[in-house]
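This note collects points for a colleague who wishes to read the model residue by residue. Please keep the sequence and the structure at hand.

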Amino acid sequence: MPILGGQIVQSLDDGTAVFRPGVLEIEGERVARIHWGEFRNGVELGDAETLICPGFIDAHLHLPQFDSIGAAGIPLLRWLDEVIYPAEARWNDVEVARSMIARVAKQCLAFGTTGICAFAAPSQESTLAALETFSRNGFRGVIGQVMMDRDAPDDLLRETQQLVDQVQETLTRYPASGRMAAAVTPRFALTCSEPLLHAAGRLVADSGAVVQTHLAETLDECQKVSDNFAGAAYVDVYRQAGILTPRCLLGHGIHLDARARQTIAEHGAVIAHCPTANAFLGSGTMNRAAHQRSEISVALGSDIGAGFERSMVRVGRAMIEAAMIVRQQAGVDAPAWQTVPTAAHAWHQITAGNADALGWTDAGRIRPGGTADLVLIRPDIPWRDSPCPLSTLMYAWDDRWIRQTYLRGQVRYSSSESVSR
């Protein structure tokens with residue numbers, strides 16, 4: 001029974017995080033007990049300077065794109081053609097995919113990520129390999145076979161009915177009720193025919209699965225969607241297909257007007273904010289505060305490989321920076337705290353905030369009876385002496401501070417082991 005001691009991160013009802021000293025005991029897959037207050041004898045790992053955090057949750061990433069991080073200076077649609085589609089085509093070879101999947105899972109654990117919403121590739125076999133690997137390691141989340149039946153390289157396209165049949169089979173093997181589940185994953189409207197989008201909507205309705213796609217990442221993309229769908233607004237293309245549901249996760253959502261926000265809010269869909277990727281590709285800056293005023297749930301994702309940060313702590317910091325840019329551009333007179341999240345908000349967002357947005361009741365929080373998905377962090381700076389300790393940790397963040405990552409009560413990453421290899 002591992003016994004860990006340290007400053008334990010807790011989320012509050014106001015959407016911020018705090019830390020409290022305590023000792024937690026793990027039994028099997030779960031946190032059995034938490035003893036709040038001063039440390040006592042018997043603590044196996046940790047001390048007063050150790051931070052014990054819920055595992056980080058990444059609400060939007062692309063597994064085949066980890067090796068494509070850093071292909072800079074190309075707008076979205078060219079970047080897909082020149083960099084990403086060739087990378088995803090390599091996953092047509094399942095052995096190539098298996099090798100990369102193993103590396104990617106290890107990287108996620110090394111950066112403290114224990115929950116994911118991930119796009120795989122158009123290959124069903126490679127998607128199943130990803131689901132099997134991440135499930136075996138104990139991750140929480142969803143992974144989806146990328147669905148495309150037009151306007152992409154031939155080696156990535158599949159017939160509409162073939163895609164529907166393959167995704168249906170995968171949903172049966174990894175149902176929505178599972179800790180690691182299959183997702184319905186039409187890439188975005190530009191690579192999906194209208195029949196495929198409507199079929200995706202039916203799959204979602206029948207299975208209760210998460211559906212993940214992209215929305216309004218660039219202005220060029222928005223115009224092309226309107227041209228391809230008889231002038232329809234981007235969000236209406238998805239609404240008419242039956243994709244907009246409370247289990248719909250929309251990547252980016254940058255270029256949205258008030259009506260589009262209202263439509264998303266009415267259907268309960270979630271926007272996955274990807275600030276590092278948006279900055280990297282020059283796509284624009286999402287107005288998080290405007291989405292929240294419209295009562296849209298917002299999650300946070302790395303969007304690897306357009307996103308260049310594998311650490312959700314750094315993505316949380318980028319969320320703050322993006323909000324500052326929006327505020328400065330708007331010339332807002334209100335105090336910054338009314339429109340810009342703090343580090344305490346960001347720590348909440350990458351843990352319990354993402355879990356809440358995704359409807360996960362078994363992740364994102366450390367509590368008795370909860371699943372023991374944990375990150376043990378030992379900073380090498382006097383962070384508790386700071387007037388804003390969580391802010392100091394976020395802005396001084398060093399991934400080498402992560403000592404261990406736990407999934408379902410088991411140590412799946414240890415910094416000492418990684419150094420010895």
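This is a predicted model: local features need pLDDT of at least 70, side-chain atom pairs count only at pLDDT 80 or more; totals for chains, interfaces and linings use all residues.

1. Helix α1 and its kink. Helix α1 covers residues 76-89 and has a kink of about 35° at Val-83. The kink lies shortly before a proline, Pro-86. Val-83 itself is among the buried residues of α1.

2. Of the 14 residues in α1, 10 are buried, so the helix is largely enclosed by the rest of the structure. The buried residues are Leu-76, Leu-77, Trp-79, Leu-80, Val-83, Ile-84, Tyr-85, Ala-87, Glu-88 and Ala-89.

3. Helix α2 (residues 94-110) and helix α3 (residues 124-137) cross at roughly 30°, and their axes come within 9 Å. The crossing of α2 past α3 is right-handed. On the α2 side, the residues that meet α3 are Val-94, Ala-97, Arg-98, Ile-101, Val-104, Ala-105 and Cys-108. Their partners in α3 are Glu-125, Ser-126, Ala-129, Ala-130, Thr-133 and Phe-134. Sorted by class, this contact comprises 9 nonpolar, 2 polar and 2 charged residues. As background to the spacing of such residues, an α-helix has 3.6 residues a turn, so residues three or four places apart point the same way.

4. The pair α7 and α8. Helix α7 (residues 234-241) packs against helix α8 (residues 258-267) at an angle of about 25°, with 9 Å between the axes. The two helices are therefore roughly parallel. Their crossing is left-handed. Val-235, Asp-236 and Arg-239 of α7 make the contact with Arg-259, Ala-260, Thr-263, Ile-264 and His-267 of α8. By class, the contact holds 3 nonpolar, 2 polar and 3 charged residues.

5. Phe-111. This residue is placed in the loop between α2 and β6 (113-119). Is Phe-111 buried or exposed? Its relative accessibility is 12%, so Phe-111 counts as buried. Beyond its neighbours within four places in sequence, Phe-111 is in contact with Phe-56, Arg-310, Ser-311, Asp-399 and Ile-402. The C-alpha atoms of Phe-111 and His-348 are separated by 17 Å, and the two residues are 237 residues apart along the chain.

6. Asn-354. Helix α12 (residues 343-358) contains Asn-354. With 0% relative accessibility, Asn-354 counts as buried. Leaving aside neighbours within four places in sequence, the contacts of Asn-354 are Ile-57, Asp-58, Ala-59, Ala-299, Leu-300, Met-312, His-348 and Gln-349.

7. Phe-39. The loop between β3 (30-36) and β4 (51-54) holds Phe-39. A relative accessible area of 30% makes Phe-39 partly exposed, because this class lies between the limits of 20% for buried and 50% for exposed. Apart from neighbours within four places in sequence, Phe-39 is in contact with Gly-5, Gly-6, Gly-22, Val-23, Asp-47 and Ala-48.

8. A cis peptide bond. Which peptide bond is cis, with omega near 10°? The bond from Ile-304 to Gly-305 has this geometry. Gly-305 lies in the loop between β12 (297-300) and α11 (312-330).

9. Ala-216 and its positive phi. Phi of Ala-216 is near 50°, a positive value in a residue other than glycine. Ala-216 sits in the loop between β9 (211-215) and α6. Its relative accessibility is 0%, so Ala-216 counts as buried.

10. Ala-230 and its positive phi. Ala-230, again a residue other than glycine, has a positive phi near 55°. The loop between α6 and α7 holds Ala-230. At 79% relative accessibility, Ala-230 counts as exposed, whereas Ala-216 counts as buried.

Note on methods. Residues are numbered from 1 along each chain as its sequence is written. Side-chain values use heavy atoms; hydrogens and water are left out. The bend at a residue is the angle between axes fitted to the seven residues ending there and the seven starting there. Helices (H or I, at least four residues) and strands (E, at least two) are DSSP runs, numbered from the N terminus. Buried means under 20% relative accessible area, exposed over 50%, partly exposed in between (1.4 Å probe, protein chains only). Axes are lines fitted to C-alpha atoms, for helices over the stretch in contact, and angles run from 0 to 180 degrees between N-to-C directions. Angles under 35 degrees count as roughly parallel, over 145 as roughly antiparallel, 65 to 115 as roughly perpendicular and the rest as oblique. A crossing is left-handed if the near helix is turned anticlockwise from the far one by less than a right angle, and right-handed if clockwise. Contact means heavy atoms within 4.5 Å. Ala, Val, Leu, Ile, Met, Phe, Trp, Tyr, Cys and Pro count as nonpolar, Asp, Glu, Lys and Arg as charged, and the others, Gly among them, as polar.
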